[in-house]
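Work through the exercises below with the sequence and the structure open. Try each task before reading its solution.

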Amino acid sequence: MMAITQYPELLEGLDAKQRAAVTSEAAPLAIQAGPGSGKTRVLTRRIAWRVATEQDEADKVLAVTFTRRAAHELSSRLRQLGVSSRNEGVTAGTLHAIALAQLQRRAGNNRRSFPQLLERKARLLFPLVLPHLTSDQEVGGRVEEFVQVSGVASDIEWAKARLIKPTDFSKEAIRLGRDTQLPPDKIEEIYGEYEKVKRTKKLVDFEDLLWWLGDALEGDKEFASEQRWRFRHLYVDEFQDVSAAQLRVVRGWLGERSGLTVVGDVDQAIFSFAGADPKGLTEFTRQFPGAEVLRLDHNYRSSPQIVATGEALLNDSYQTGSSPRPPRLASRPDGPWPTITEYENEVKEAQGIARQIRAQLTPTNGWSSFAVLYRINSQSAAFEAAFAKQGIPVRLRGETRFLERAEVKAVLERLEQASERAPGADFSTLLADLSDDDDNDDNDDNDDKTIDPGGQTTINEHATEIVRLGHEYLAATDPSRRTGSVVGFKVWLATTLANEAPITGDDAVELLTFHRAKGLEFTTVFVTGLEKGLVPISHAKSEQEREEERRLLYVALTRAEDNLHFSWASQRSLGSRSAKRFPSVWLDPITQVRRSKNEAAKIPDQKNGVKKSGPAQSRAHLGGPTASLNSELVNALSEWRKNRARAAAIPAYVVFPDTTLHALAQYQPKTSADLLDISGIGPTRVENYGDELLEIIGQHSAP
């Protein structure tokens, strides 16, 4: 091995543990890398280092990622480091893409045609699933049938990821606590029929690619030898998310050799519902004898306050007497503590967050620096509506807008059919009937458990949201609640939800679920709906399921770099009724860590960072509001804002909305720390405007 001093550029900017991970000669090697620890940087530098020091041959390197985006980023970084990809360089791609290429090459070498790839299972599953649906499921129409079929497809995908054969499905689903779309015995029958139809039609699905490749690597010695000669050095990202089928392929590629490096984080294992099993990482040294494990402990993404919040959430799960969890360490300067806001209901929550985002927008922090995260897809509707009214551009990454979802179309189809069966019925009656259907399907009156029925279909949760929107439609357009109609409701929906502000380029606020947020980062993150029944989700019954829900919240909050805001609603619409909600139990460790840190620093606690939306917000740092607004100070702040806006060629409200100016005049902060306690003011605005604001306030404050 060449001396480290010969390639200093590959180690530049790395901390001691990162350098150790890059230069380690251990094999196999697992690098446990937490959020913001620079895992992609370390992985690419390790590949480049080993190629430069002639330990690895570039054209014998296989780097596996779990998304095309990650593969593209890895290849791009390697090129910047002087390591080419493809064409006699490193091969980087997803497991499925690489498996397809290898299987096609094998078929060609054996002079056999390769089956056609089945990209969507629905067209094969439709005739197999329909005979198993109940009359209630059939009456929903074609769209609802499609949703049922999609749920069955997810059950089959889960089984194949775990290498569960059709004949074993029912037994294994029950043993593992799988909440299936249809009864397990019916899924087992459909699964078996589906496999037969595929073979008859000479089709292969995505899950077959991994299963077939695993079979080939285990049963075809010549083929296995070719692949192991072709790829001698394996690198696998996100190893905590590998399934049994994927781990089998990695083992098949590796053979008896040791040239394996994996990167992952057990604290971010959140995909067991799709068949992933973190044991590949947690039991790495047992699975790969002679292996070593290194940890990257420093978080370079998030402020110390956000890191401390995440640590408190995870440490809360460790029982007294158990092994202590290795801590993640913050590396950035201090920032504001995360806030916790209680809203009156989900609509107020969406409206309040929309106002905060608009208030915090600056020329240097555009729309894309903000993200709003939620647990289930149906929560996006309230945000889509509120942001549209505020003219805020949004992007639903990897998701379909609310009105375009199959579940929503299925619910609207139910309404149309109910209207056709009872042409004289009031629209409010149709909504009540729809709500009753939803409640009957759920079969549980516990408010904490009616948000999400579990399984793979989400018709009920979207029905709940449609009923809420239906009542909003009646209140807005038909105070008498007598003349509303399904047709009128659909027009109103299209106007309210579909006409979002246009997205220009990539500058838009991200709306996405906790799961979709994995691997992303934003300056400011709003983690919403932190209520019992949502976080953790109601159908997470076992300890393992609840701990995965805890890790999911950890993933969500660690997307934030500078500003983190939690929120929950004390009332949430459940069909036609509004139910009292309670804060998630996981807000307790989040508030406690701030309290303990503030007490240690002798800082006033601001009611543990918890505030209610509206005029009753706590301002303990500021000592309470003045008796009345100082009109001279308000005028001076307004004049300053106007001049600032004119100089930047932006609307005045982008600098600060009126509510923030009034709060400044009411509480009259004296320091930069005090400014951070004003709603709508974050570190960036303190840096940009803080000195000017404090000077104006000082000039117009009473002595």
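**Exercise 1. Confidence**

Task: Find how many contacts beyond four places in sequence the model has for residues 498-505, and decide how the stretch should be read.

Solution. Step 1: This is a predicted model, and over residues 498-505 its pLDDT stays under 50. Step 2: Counting beyond four places in sequence, the model has 18 contacts for residues 498-505. Step 4: Where pLDDT is low, predicted coordinates should not be read in detail. Step 5: For the protein as a whole, the average pLDDT is 82, and 81% of the residues score at least 70.

**Exercise 2. A strand and its partners**

Task: State which residues of strand β1 are buried on each side, and identify the strands that pair with β1.

Solution. Step 1: Strand β1 covers residues 29-33, and five of its five residues are buried. Step 2: In a regular strand the side chains alternate between the two faces of the sheet. Step 3: In β1, L29, I31 and A33 lie on one side, with A30 and Q32 on the other. Both faces are covered. Step 4: β1 pairs with strand β8 (residues 292-296) in the parallel sense, over five bridges. In this pairing Q32 has R295 of β8 as its bridge partner. Step 5: β1 also pairs in the parallel sense with strand β7 (residues 260-264), over four bridges. Here A30 has V262 of β7 as its bridge partner.

**Exercise 3. A helix and its cover**

Task: Compare the span of helix α22 with the expected value, then find what covers its buried residues.

Solution. Step 1: Helix α22 runs over residues 543-557 and has 15 residues. Step 2: From its first C-alpha to its last, α22 reaches 21 Å, close to the 21 Å expected at 1.5 Å a residue. Step 3: The buried residues of α22 are E548, E549, R550, R551, L552, L553, Y554, V555, A556 and L557. Step 4: Their cover includes α15 (304-315), β12 (370-374), β15 (522-527) and β16 (560-569).

**Exercise 4. A serine in a loop**

Task: Decide whether S584 is buried or exposed, and find what its side chain reaches.

Solution. Step 1: S584 sits in the loop between β18 (577-580) and α23 (587-600). Step 2: S584 counts as buried because its relative accessibility is 3%, where the cut-off for buried is under 20%. Step 3: The side chain of S584 reaches the backbone oxygen of V535 at 2.6 Å. Step 4: Apart from neighbours within four places in sequence, S584 is in contact with L530, E531, K532, V535 and P536.

**Exercise 5. Salt bridges**

Task: The structure holds 35 salt bridges.

Solution. K160 counts as buried because its relative accessibility is 2%, and D205 is buried with a relative accessible area of 0%.

Step 1: At 25% relative accessibility E283 is partly exposed, whereas R286, at 59%, is exposed.

Step 2: E692 belongs to helix α28 (residues 683-700) and R644 to helix α24 (residues 631-648), 48 residues apart. E692 is partly exposed, with a relative accessible area of 29%; R644 is partly exposed at 28% relative accessibility.

Step 3: Salt bridges that share partners join K160, E195, K198, D205 and D208 into one network.

Technical notes
Residues are numbered from 1 along each chain as its sequence is written. This is a predicted model: local features need pLDDT of at least 70, side-chain atom pairs count only at pLDDT 80 or more; totals for chains, interfaces and linings use all residues. Side-chain values use heavy atoms; hydrogens and water are left out. pLDDT is the predictor's confidence in each residue, from 0 to 100. Contact means heavy atoms within 4.5 Å. Helices (H or I, at least four residues) and strands (E, at least two) are DSSP runs, numbered from the N terminus. The expected span of a helix is 1.5 Å times one less than its number of residues. Buried means under 20% relative accessible area, exposed over 50%, partly exposed in between (1.4 Å probe, protein chains only). A polar contact is a pair of N or O atoms within 3.5 Å; within protein, one must be able to donate a hydrogen and the other to accept it, and residues adjacent in sequence count only if both atoms are side-chain atoms. A salt bridge is a side-chain nitrogen of Lys or Arg within 4 Å of a carboxyl oxygen of Asp or Glu. Two strands pair if DSSP finds at least two bridges between them.
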